[in-house]
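Trainee: I have a new model open and would like to learn how to read it. Can we go feature by feature?

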Amino acid sequence: MADAGPQALCAREPRVPAERLVAEMVPPPRFDSVRFDTYNPDPAQPSQAEAVTVLSGFAAGLGGAHASGSGKKRWFSKKPAAPTGPRGVYLDGGYGVGKTHLLASLWHATPAEPALKAFGTFVELTNLVGALGFQQTVQTLGGHRLLCIDEFELDDPGDTVLVSSLLSRLVEQGVALAATSNTLPGKLGEGRFAAADFLREIQGLSAHFRPLRIDGQDYRHRGLPEAPAPFSDEQVTKAAYATDGASLDDFPGLLEHLARVHPSRYGALTDQITAVCLTDVGPVPDQSTALRLVVLADRLYDREIPVLASGVPFDRLFSEEMLNGGYRKKYFRAISRLTALARDAKPLVSQ
């Protein structure tokens with residue numbers, strides 16, 4: 001048995017300084033060691049190999065140049081010259097085709113010190129603006145060579161305008177952009193409320209990107225067994241007490257706690273946690289709660305924290321209405337990632 005009982009995520013209320021938000025804009029631990037040569041393109045999907053070639057060339061083109069695109073800093077100019085043509089690449093594809101692997105590989109391959117490269121999810125980018133303010137964020141990221149944005153999603157008109165304005169300012173500063181999403185730039189916002197407002201903003205933003213389609217099946221389920229069925233409350237609880245660094249929470253209580261913690265702190269919520277154990281997992285009651293759970297699932301997946309659960313299987317977390325609605329891509333991503341983490345957690349239960 002573990003020396004101490006399991007912790008409770010519900011008992012944690014982390015405070016994250018703005019400096020940490022900036023310092024943590026690097027590929028998550030799961031992608032520390034990924035590189036272009038560790039990506040295994042599916043021979044049946046030539047677009048995957050093409051993506052490696054294009055991104056390798058993109059990274060090489062950023063070598064040795066200041067963000068403005070010149071060979072050295074423009075010490076005597078007030079503003080760098082605006083680059084011509086698309087200053088970024090946009091990886092479009094379904095779930096689990098390796099987009100984040102490729103985006104992280106691009107970050108690693110770009111020949112610049114980490115302080116001049118930033119990597120974060122769309123949510124983390126908006127949280128950074130919230131912590132620093134718009135102008136300070138522009139100043140902080142404006143000298144970078146590369147900004148990588150994973151899971152580019154626009155969930156409300158405010159975020160649409162915010163990110164569109166931010167990226168436009170960064171492009172003016174000469175910052176190269178790279179992003180992943182499950183939808184082409186011109187298609188973001190379809191199926192959501194105020195779609196016309198989304199599209200009006202996004203059409204201008206999409207001009208900054210060269211779309212790069214990546215076809216394929218979800219690698220997390222290629223040749224893998226079905227996700228393990230949920231365990232009993234007793235099995236989950238016993239495993240939590242037997243696993244050093246594990247947390248143990250009642251799922252409904254955790255959902256309530258997530259409403260009291262800002263999503264920018266969900267990563268800190270899992271600091272030093274080796275496994276998340278949940279009892280009484282059931283369908284998520286509403287969309288706001290579901291979207292918070294998606295963010296937590298992303299942070300757990302980034303940090304490779306296994307999730308052991310009792311109750312309903314993860315593919316029954318979201319209602320048919322949710323899975324057919326405007327946020328369906330987020331929910332399917334969460335199901336895919338939680339299923340992968342559930343497989344990772346299976347060895348925690350004594351056979």
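Mentor: Start with contact: heavy atoms within 4.5 Å. His-101 touches Phe-31, Val-34, Arg-35, Thr-38 and Tyr-39, not counting residues up to four places away in sequence.

Trainee: What kind of model is this, and how are its residues numbered?

Mentor: It is a predicted model: local features need pLDDT of at least 70, side-chain atom pairs count only at pLDDT 80 or more, and totals for chains, interfaces and linings use all residues. Residues are numbered from 1 along each chain as its sequence is written, and side-chain values use heavy atoms, with hydrogens and water left out.

Trainee: What pLDDT does the protein average?

Mentor: pLDDT is the predictor's confidence in each residue, from 0 to 100. The protein averages 84, and 83% of the residues score at least 70. Over residues 65-84, pLDDT stays under 50. The model has 28 contacts beyond four places in sequence for that stretch. Where pLDDT is low, the predicted coordinates should not be read in detail.

Trainee: Is His-101 buried or exposed?

Mentor: Buried means under 20% relative accessible area, exposed over 50%, and partly exposed in between, with a 1.4 Å probe and protein chains only. His-101 has a relative accessible area of 15%, so it is buried. Its place is in helix H3. Of the 351 residues of the protein, 51% count as buried.

Trainee: What span should helix H2 have?

Mentor: The expected span of a helix is 1.5 Å times one less than its number of residues. H2 has 16 residues, 46-61, so it should span 22 Å. Its end C-alpha atoms are 23 Å apart, which agrees.

Trainee: Which residues of H2 are buried?

Mentor: An α-helix has 3.6 residues a turn, so residues three or four places apart point the same way. In H2, the buried residues are Ser-47, Gln-48, Ala-51, Val-52, Val-54, Leu-55, Phe-58 and Ala-59. Their cover includes strands S1 (88-93), S3 (146-150), S4 (176-181) and S5 (209-214), along with helix H3 (99-109).

Trainee: What is the strand order in the sheet of five strands?

Mentor: Two strands pair if DSSP finds at least two bridges between them. This open sheet runs S2-S3-S4-S1-S5, with parallel pairing. Strand S2 (117-121) and S5 stand at the edges, each with a single partner strand, so one side of each is left without a neighbour in the sheet. The twist averages 15 degrees from one strand to the next. Axes are lines fitted to C-alpha atoms, for helices over the stretch in contact, and angles run from 0 to 180 degrees between N-to-C directions. S2 and S3 pair over five bridges, and Thr-121 stands opposite Asp-150 in S3.

Trainee: Which strands form the open sheet of three?

Mentor: The order is S6-S7-S8, and the pairing is parallel. S6 and strand S7 (residues 275-281) pair over five bridges. Asp-249 stands opposite Leu-278, and Asp-250 has Thr-279 as its bridge partner. Helix H9 (residues 251-258) packs on the sheet, touching S6 and S7. The direction of H9 makes about 110 degrees with that of S7.

Trainee: How many bridges pair S7 and S8?

Mentor: Four, in the parallel sense. Cys-277 stands opposite Leu-308 in S8. S7 is mostly covered: six of its seven residues are buried.

Trainee: Where is Val-349 found, and what does it touch?

Mentor: Val-349 lies in the segment after helix H13 (328-345). At 6% relative accessibility, Val-349 counts as buried. Val-349 touches Phe-231, Gln-235 and Leu-308, not counting residues up to four places away in sequence. Val-349 and Thr-243 are 106 residues apart in sequence and 9.7 Å apart in space, C-alpha to C-alpha.

Definitions and conventions. Helix = DSSP H or I, 4+ residues; strand = E, 2+ residues; numbered from the N terminus.
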